[in-house]
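Here are my notes on this entry. Please read them with the model open beside you.

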Amino acid sequence: MSAHLLTFTPEMDVLNAINLLLEQGISGAPVVDRLGNLVGMLSEKDCMRVALNAGYHGDLGGKVRDFMSPRVVTIDADTSILEVARMFMESPFKRYPVVSDNRLVGNISRHDVLRAIDSLRGTIPV
């Protein structure tokens, strides 16, 4: 799990958020309120609506809250790595926000699960 991650606020300009996603080379980030509560996710897919709005309505930009996905599937901080691997196998998601009492504490990605598997190499008999 990564504890240091990029986050956005609902009031942030979505074009600035897109720029940060591109700079960081990531496909999405959690959206948190001023208290650190998870209120949504902004993904590359969500950002495609920015282009559609500009093309169809002439509106380029807006706030993150206008484009984020407010319904977020999360993982509780004490979820086992096996359960996380199962969740990745059964969904198209590339990452999940990790929460404790609805407060964002980190992010876990498919890459993190692979790293956990790799750390077991040599400890499991073949």
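1. Two strands count as paired if DSSP finds at least two bridges between them. Strand 4 and strand 5 are joined by six bridges and run antiparallel. Keep in mind that this is a predicted model.

2. The pair forms a hairpin, with two residues between strand 4 and strand 5. D101 sits in that turn and has a positive phi of about 55°. R95 stands opposite S109 in strand 5. V98 stands opposite G106 in strand 5.

3. The sheet is open and has three strands, in the order 3-4-5. Its pairing is mixed. Strand 3 and strand 5 are the edge strands, each pairing on one side only. Helix 3 packs on this sheet and touches strand 3, strand 4 and strand 5. The direction of helix 3 makes about 70° with that of strand 5.

4. Which residues of helix 3 are buried? In this helix, residues 81–89, they are V84, M87 and F88. Seen down the axis, these buried residues fall within an arc of 100°, so they line one face of helix 3.

5. What do the buried residues of helix 3 pack against? Their partners are strand 3 (75–76), strand 4 (95–100), strand 5 and helix 4 (110–119). The face of helix 3 turned away from its buried side carries L82 and M89, which are exposed.

6. Now strand 5 itself. The strand is mostly covered, with five of its seven residues buried. Strand 5 spans residues 103–109, and N107 is found there. Is N107 buried or exposed? The relative accessible area of N107 is 10%. Buried means under 20%, so by that cut-off N107 is buried.

Key:
Residues are numbered from 1 along each chain as its sequence is written. This is a predicted model: local features need pLDDT of at least 70, side-chain atom pairs count only at pLDDT 80 or more; totals for chains, interfaces and linings use all residues. Side-chain values use heavy atoms; hydrogens and water are left out. Helices (H or I, at least four residues) and strands (E, at least two) are DSSP runs, numbered from the N terminus. Buried means under 20% relative accessible area, exposed over 50%, partly exposed in between (1.4 Å probe, protein chains only). The arc is that of the directions from the helix axis to the C-beta atoms. Contact means heavy atoms within 4.5 Å. Axes are lines fitted to C-alpha atoms, for helices over the stretch in contact, and angles run from 0 to 180 degrees between N-to-C directions.
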